[in-house]
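Have a look at the model below before you read on.

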Amino acid sequence: MRAQPEREAITQLLCITEQDFTRAAAKRRVWIMRANMTPLTKIWMTLLLSNILPNDHNTDLLLRKYQLVCVVMT
């Protein structure tokens, strides 16, 4: 099984410069807002969440699903 990439590398891959995950009250990373994503991340997120992992809304990338987008993009 492939090891989970470090969060900093994921942030650089999925987020635009100077942006990061949105944090919950406990200061843990929870999701990536669409406004903080690169254009390529937005495309892959929409494709995956609309067709492979259906979701009620596809505006933000929840922490548990960002890994799939990251794997596809790498």
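Here are some points to check against the picture.

1. Ground rules. This is a predicted model, in which local features need pLDDT of at least 70 and side-chain atom pairs count only at pLDDT 80 or more, while totals for chains, interfaces and linings use all residues. Residues are numbered from 1 along each chain as its sequence is written, and side-chain values use heavy atoms, with hydrogens and water left out.

2. The overall layout. Helices (H or I, at least four residues) and strands (E, at least two) are DSSP runs, numbered from the N terminus. Going along the sequence, the pattern reads α-β-β-α-β-α.

3. Of the 74 residues in the protein chain, 30% are buried. Here buried means under 20% relative accessible area, exposed means over 50%, and partly exposed is in between (1.4 Å probe, protein chains only). The chain's accessible surface is about 5,000 Å², and carbon and sulfur atoms hold 57% of that. Those areas come from the Shrake-Rupley method with a 1.4 Å probe; for residues, only the protein chains shown count as cover.

4. Contacts along the chain. Take the contacts (heavy atoms within 4.5 Å) between residues at least 6 apart in sequence: 45% of them join residues at least 24 apart.

5. Thr-41. Find this one in helix 2 (residues 39-52). Thr-41 is buried, at 0% relative accessible area. Leaving out residues up to four places away in sequence, Thr-41 touches Leu-13, Leu-14, Val-69 and Met-73.

6. A nonpolar patch. Ile-52, Leu-53, Leu-68 and Val-72 make a nonpolar surface patch of about 290 Å². Patch members have over 30% relative accessible area and no salt bridge; like charges are joined within 9 Å, and nonpolar side chains (Val, Leu, Ile, Met, Phe, Trp, Tyr) within 5 Å. A salt bridge is a side-chain nitrogen of Lys or Arg within 4 Å of a carboxyl oxygen of Asp or Glu. Val-72 sits in helix 3 (residues 63-73) and is partly exposed, at 33% relative accessibility.

7. Cysteines. How many disulfides does a search of the whole structure find? The count is zero, where a disulfide is a pair of cysteine sulfur atoms within 2.5 Å. Cys-15 is buried, at 5% relative accessible area, and Cys-70 is buried too, at 4%.

8. Glu-18 has a positive phi, near 70°, although it isn't a glycine. Most residues other than glycine have a negative phi. Look for Glu-18 in the loop between helix 1 (7-14) and strand 1 (22-23); Glu-18 is exposed, at 75% relative accessible area.
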